[in-house]
Amino acid sequence: MPRNRRAKRVSGAHETGTKAASRRSEASKTVAPVSEPSATDDRSSAPKALLEKWPSLYALVPVALAVFASINTLENGFAFDDESQVLKNEGIQNLANLPLAFISSVWSFLGDNSLLEAPYYRPLFTALLTVNYSVFETASWGWHLVNVLIHSGVTLLVFIVIKEITDRALLAATSAALFAVHPAHAESVAWISGVTDPWLALFLLPAFYFYLRYRKHGGKHLFAIALGFYFLALLSKETAVALPLIVAYCELAHFESSRSLRQKVVGAFALFGWFALPTAIYLVLRYNAIEAILLNFEPRFGLSTALLMAPLATVKYLALLVLPMGYNLHHYTSPPGGLTSAAFLGALALIAVISVLVVLSRSRTLMFAAVWFIVWLVPPLAGLRLFEPQFSVQERYLYLPSIGFCLAVALGIEWLGTRRILALSGRVAAVAMSMVLVIGWGLIHVEQNRVWNNTLSLMRHLVETDPRSPLARTELAGTYYLAGMRREAEIETRTALDLDSSFVDAYINLSMFAYNNGKLDQAIENMERAKSLVGERPLKKGYLGRIHSDLGFYYDKRGDLERAEENLLLSIEFLPDAKTRLDLGQFYFDRGRYEEALDLFKTVLRQAPSRYALIHLKLARTYDRLNQPESARGEYEKYLNLSGPNAKDRAEVLRRLLQL
């Protein structure tokens with residue numbers, strides 16, 4: 001661990017001293033005065049009593065703004081994933097289930113099927129849902145109130161952390177006020193299930209704060225508290241693992257020190273070692289719960305494609321912060337054509353220009369803001385290959401990075417306060433700019449909250465903001481259909497085809513509609529049409545895997561077993577995962593082709609998590625048909641052990657075990 005620091009030690013982002021001349025001299029040595037006014041400028045422009053009361057006078061303004069910008073969400077209902085994660089989640093409806101949150105995935109309420117979904121391990125998020133349900137049940141206002149309180153608490157922590165690292169209360173208050181009202185946060189606050197990032201920030205910011213306190217004052221207990229909050233942050237969301245990178249940057253570059261570079265590196269590695277302890281404990285818990293360290297589901301893109309997309313996605317994230325408009329559930333991001341494509345080169349050039357300007361500013365605080373933004377953007381950028389293009393950029397992932405952006409804007413306002421603009425003094429211009437941003441962003445935030453009123457309003461907003469998007473039309477059509485609005489669903493799907501006659505998703509929609517209406521031949525015809533239109537595209541395998549799987553199901557229903565088998569085999573060729581093999585294995589089992597079914601079920605057993613009970617039931621029944629009673633008995637017993645006392649097939653399995 002680093003040596004203790006005295007409280008008055010110069011630390012790059014702030015200076016100390018008592019005489020004005022001394023302060024000016026010190027500032028000229030350590031920072032660029034254009035970018036970073038003296039740390040004591042606050043003191044020359046505000047009564048000393050105000051600074052002494054900053055917890056009540058400076059911090060309460062951003063907190064009040066956070067409440068103002070999000071309080072209208074209490075009128076909202078449940079939207080999007082809320083319907084499954086809250087309303088249909090039996091696991092959160094009993095406080096006795098709280099311990100289960102630490103040994104299962106977020107999607108465990110889906111039963112066996114959850115084990116084949118993306119392995120998200122966020123036990124404190126599940127615990128939050130469970131506690132919320134015990135208090136509010138299905139009263140949506142209560143759930144939204146919790147989100148508002150969490151966002152307000154994070155806003156207070158933003159103020160506290162920035163003041164701690166800069167020792168400038170007014171700068172911290174401006175940054176926190178901008179953070180409180182930025183409309184990019186509407187998704188995280190107005191959407192109940194989107195609270196994962198604010199919930200993470202509620203633990204992560206104290207972890208960083210106590211690290212800063214430890215660095216300034218010493219005291220091992222402060223660092224222990226930092227590690228404790230870091231562990232809680234990990235249990236809230238896996239992206240907390242990036243915090244040690246921020247700490248390493250602070251040790252190596254942000255804080256001034258008389259130590260040599262070698263000593264700094266050694267100190268940073270020592271801190272990494274301490275952060276590794278809670279990380280290791282978290283990874284053990286994670287693997288025990290979901291048998292995965294990383295998100296190991298089938299990627300949508302290759303690694304090279306994802307790397308090409310990263311600069312463009314970064315620029316899109318920046319644009320959402322700089323230009324508060326176009327907020328939506330979808331931010332479709334097509335992979336660039338290659339290294340020489342205009343999209344890739346343009347995005348890369350813009351990032352390079354911004355980086356050079358940050359470095360040339362010679363402002364340690366601005367550099368810290370930029371590093372904070374990039375580090376917390378790395379996890380969503382690393383996951384680009386896992387998501388479909390419409391979800392490559394998601395507004396809620398800006399919640400933590402936006403702290404760095406808001407700090408950078410606040411620095412710009414602070415700099416403006418030192419200049420004279422025409423007839424206006426710099427201070428008046430700075431106040432005017434702050435008010436314009438806070439009021440403007442706040443009003444947009446309030447309006448965007450209404451978009452998340454329910455799933456239908458969310459999907460309608462997709463179409464309102466991009467009426468010529470066939471994807472938006474098909475998404476709205478699917479929502480209409482599930483809401484029982486069949487005619488509206490048909491109209492939206494036909495509109496999508498009017499916009500793009502070769503749009504694959506529209507034909508998939510029409511196929512589903514036809515099947516549910518009892519028109520099997522029409523369902524097959526539409527799905528075959530969808531297959532013919534896939535062509536060459538980044539998601540070709542995903543599309544064809546799903547289409548062939550559905551066609552296999554349809555042909556099986558029609559009794560065309562040869563075509564059913566052909567399509568199920570093709571679905572495995574394009575998507576060789578446990579689900580597609582399970583479908584083909586069940587097809588063979590239903591046809592009495594038990595040896596072939598057994599081979600597929602054994603493959604699924606190797607692919608699926610060890611707690612996937614359903615595969616043992618399928619193996620048991622297959623062994624049973626093959627007159628292998630000992631093997632069948634063993635698989636039946638494994639199924640009972642894994643499925644628990646509430647398994648729907650339990651009575652049947654127990655009867656069969658007695659017969660064996």
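Mentor: The side chain of His 461 reaches the backbone oxygen of Tyr 327 at 3.0 Å, a polar contact in the sense of a pair of N or O atoms within 3.5 Å, where within protein one atom must be able to donate a hydrogen and the other to accept it, and where residues adjacent in sequence count only if both atoms are side-chain atoms. This is a predicted model, in which local features need pLDDT of at least 70 and side-chain atom pairs count only at pLDDT 80 or more, while totals for chains, interfaces and linings use all residues. Residues are numbered from 1 along each chain as its sequence is written, and side-chain values use heavy atoms, with hydrogens and water left out.

His 461 is found in helix H20, residues 455–465; helices (H or I, at least four residues) and strands (E, at least two) are DSSP runs, numbered from the N terminus. With a relative accessible area of 13%, His 461 is buried, given that buried means under 20% relative accessible area, exposed over 50% and partly exposed in between, with a 1.4 Å probe and protein chains only. Leaving aside residues up to four places away in sequence, His 461 touches Tyr 327, Asn 328, Gln 448 and Val 451, where contact means heavy atoms within 4.5 Å.

Asn 567 lies in helix H26, residues 561–574, and counts as buried at 4% relative accessibility. Its side chain is joined to that of His 548 by a polar contact of 2.7 Å, and, again not counting residues up to four places away in sequence, Asn 567 touches His 548, Ser 549, Leu 551, Gly 552 and Tyr 555.

Gly 478 has its place in helix H21, residues 470–482, and is buried, with a relative accessible area of 18%. From Gly 478 to Glu 490 the separation is 12 residues in sequence and 9.2 Å in space, C-alpha to C-alpha. Leu 350, by contrast, is found in helix H16 and counts as partly exposed at 40% relative accessibility; its C-alpha atom is separated by 7.8 Å from that of Val 315, 35 residues away along the chain.

Arg 362 lies in the loop between helix H16 (342–360) and H17, has a positive phi of about 60° although it is not a glycine, and counts as exposed at 58% relative accessibility. Asp 167, in the loop between H8 and helix H9 (169–181), also is not a glycine and has a positive phi of about 60°, but Asp 167 is partly exposed, with a relative accessible area of 27%.

The structure holds two cavities of 30 Å³ or more, a cavity being a set of points, on a 1 Å grid over the protein atoms alone, where a 1.4 Å probe fits but cannot get out, and lining residues having an atom within 4 Å of a point. The second largest cavity has about 50 Å³ of space, the volume being the space filled by probe spheres set on the points, with grid points joined across faces, edges and corners. Its lining consists of Val 161, Ile 162, Phe 368, Ala 369, Trp 372, Ile 403, Gly 404 and Leu 407, and the elements that give two or more residues to this lining are helix H8 (140–166), helix H17 (364–382) and helix H18 (401–416). By class, the lining has seven nonpolar, one polar and no charged residues, with Ala, Val, Leu, Ile, Met, Phe, Trp, Tyr, Cys and Pro counted as nonpolar, Asp, Glu, Lys and Arg as charged, and the others, Gly among them, as polar.

As for the chain as a whole, its secondary structure comes to 31 helices and zero strands, and 53% of its 660 residues are buried. Among contacts with a separation of 6 or more, 70% are between residues 24 or more positions apart.

Note on methods. 1 Å grid on protein atoms, 1.4 Å probe; cavity = no way out; pocket = protein on both sides within 12 Å on 5 of 7 lines; lining within 4 Å.
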